[in-house]
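Visitor: I have a model open and would like to learn how to read it. Could we go through it feature by feature?

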Amino acid sequence: MKPAVLVARAVFPETVARLRTVFEVEDNPEDRIYSAEELSRRLQGKAGAFLTASERIDAAMLDAHPQLRAVCNMAVGYNNVDVAACTARGVLVTNTPDVLTETTADFGFALMMATARRIAESEHFLRSGQWNKWAYDMFTGPDVHGATLGILGMGRIGQGVAHRGALGFGMKVIYHNRSRLPAEQEAPIGARWVDKATLLREADHLVLVLPYSAASHHAIGAAELALMKPTATLTNIARGGIVDDAALAQALRERRIAAAGLDVFEGEPKVHPDLLTVPNVVLTPHIASASVATRRAMAELAADNLIAALTGGVPPTPVNAEVLR
Ligand code: DGY
């Protein structure tokens with residue numbers, strides 16, 4: 001008998017069809033967001049789960065489903081899964097790194113540019129019929145080329161943003177990360193490791209690319225925003241909760257920083273109402289990895305992981321590889 005799996009969100013039909021060749025698949029073509037109770041009900045008897053970042057798997061969920069052997073996220077981030085609890089119970093967790101690095105870095109750079117050069121704000125102005133003359137100071141903002149790019153979280157995506165800035169736009173790159181990059185990775189882009197306070201003080205454009213965890217919750221709050229230049233921009237393509245959205249909205253309203261670009265939000269898809277009323281923020285609905293090719297690659301990699309995990313293969317991108325040993 002084929003093992004049973006849950007595909008908890010709508011995904012490419014080709015990916016579901018491929019999974020059906022190996023598994024009894026319960027899928028969700030209507031793309032309803034399951035409550036924790038419904039998710040738990042649908043996990044009954046399932047050996048594996050194909051998830052996105054919106055489904056939570058915690059210790060209680062695992063205890064209710066001791067038959068579950070693999071939790072495969074179609075996302076590089078996996079803060080929706082209690083990895084320690086999975087490991088303790090021998091449940092494999094996988095994610096989808098690498099396949100989305102360049103697409104997400106493209107988007108981070110685009111969002112930073114849109115934020116600095118006030119593209120959304122000026123488009124709203126034009127569309128609402130307010131444009132009646134050219135003016136020397138209309139929608140002026142900070143330059144991107146030659147400016148100081150600050151990266152908080154210098155993993156693969158952070159390095160992708162840094163390469164774009166240094167090599168394409170002549171930006172000076174500073175970064176803060178728990179571990180420093182080897183000199184041979186810093187040198188081609190002239191990247192300099194600095195402490196967090198220096199990063200906040202010196203960056204003209206700060207881009208957040210660090211994973212969410214209890215330690216990074218509100219890594220950017222009122223105190224950190226107060227260290228930034230009033231001309232600086234902040235871009236978040238990492239996770240909601242890394243920025244204190246209420247504090248950010250207030251800093252934007254009071255022009256304590258120039259502008260922000262946000263693709264992720266605390267409690268998304270809800271957005272803090274104050275962010276919806278300040279003009280100097282560009283808001284996008286968690287789409288940094290949303291190119292067609294990348295989303296297909298993410299879905300296929302999540303499927304590869306699930307198939308390997310439940311058929312005795314080697315999952316390509318495990319998070320807790322120790323479970324395989
Ligand atoms: C990721 O891959 O983590 C993206 O943010 C989509 O959830």
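Guide: Start at the N-terminal end of helix 11, which Asp-244 caps. A side-chain oxygen of Asp-244 lies 3.2 Å from the backbone nitrogen of Ala-246. A polar contact is a pair of N or O atoms within 3.5 Å; within protein, one must be able to donate a hydrogen and the other to accept it, and residues adjacent in sequence count only if both atoms are side-chain atoms. Helices (H or I, at least four residues) and strands (E, at least two) are DSSP runs, numbered from the N terminus. This is a predicted model, where local features need pLDDT of at least 70 and side-chain atom pairs count only at pLDDT 80 or more, while totals for chains, interfaces and linings use all residues. Residues are numbered from 1 along each chain as its sequence is written, and side-chain values use heavy atoms, with hydrogens and water left out.

Visitor: Which residues of helix 11 are buried?

Guide: Buried means under 20% relative accessible area, exposed over 50%, and partly exposed in between (1.4 Å probe, protein chains only). In helix 11 the buried residues are Asp-245, Ala-247, Leu-248, Ala-249, Ala-251 and Leu-252. They pack against helix 10 (222-227), strand 10 (233-236), strand 11 and strand 12. Contact here means heavy atoms within 4.5 Å.

Visitor: What follows helix 11?

Guide: Arg-255 does, with a positive phi near 55°. Arg-255 is not a glycine. This residue sits in the loop between helix 11 (245-253) and strand 11. Arg-255 is partly exposed, at 44% relative accessible area.

Visitor: How do I read the burial pattern of a helix?

Guide: Look down the axis and take the arc, that of the directions from the helix axis to the C-beta atoms. In helix 1 (residues 13-20), Thr-15, Val-16 and Leu-19 are buried. Those residues fall within an arc of 100°, so they line one face of helix 1. Their cover includes strand 1 (4-7), strand 2 (24-26), strand 3 (48-51) and helix 12 (292-310).

Visitor: Which residues of helix 6 are buried?

Guide: Ala-120, Glu-121 and Phe-125. They cover an arc of only 140° around the axis, which puts them on the same side of helix 6. What covers them includes helix 5 and strand 12.

Visitor: Now the ligand. Which residues surround it?

Guide: A residue is near a molecule if one of its heavy atoms lies within 4 Å of it. Around the ligand are Ala-53, Ala-75, Val-76, Gly-77, Leu-100, Arg-239, His-286 and Met-298. The shell divides into five nonpolar, two polar and one charged. Ala, Val, Leu, Ile, Met, Phe, Trp, Tyr, Cys and Pro count as nonpolar, Asp, Glu, Lys and Arg as charged, and the others, Gly among them, as polar.

Visitor: What is 2.6 Å from an oxygen atom of the ligand?

Guide: An N or O atom in the side chain of His-286. A polar side-chain atom of Arg-239 lies 2.7 Å from a ligand oxygen. A polar backbone atom of Gly-77 is 2.9 Å from an oxygen of the ligand. Taken alone the ligand exposes 230 Å², and the protein buries 85% of that. Accessible areas come from the Shrake-Rupley method with a 1.4 Å probe; for residues, only the protein chains shown count as cover.

Visitor: Is Asn-95 buried or exposed?

Guide: Asn-95 counts as buried, at 7% relative accessibility. Its loop joins strand 5 (92-94) and helix 5. Leaving out residues up to four places away in sequence, Asn-95 touches Asn-73, Ala-75, Val-76, Tyr-78, Leu-301, Asn-305, Thr-317 and Val-319.
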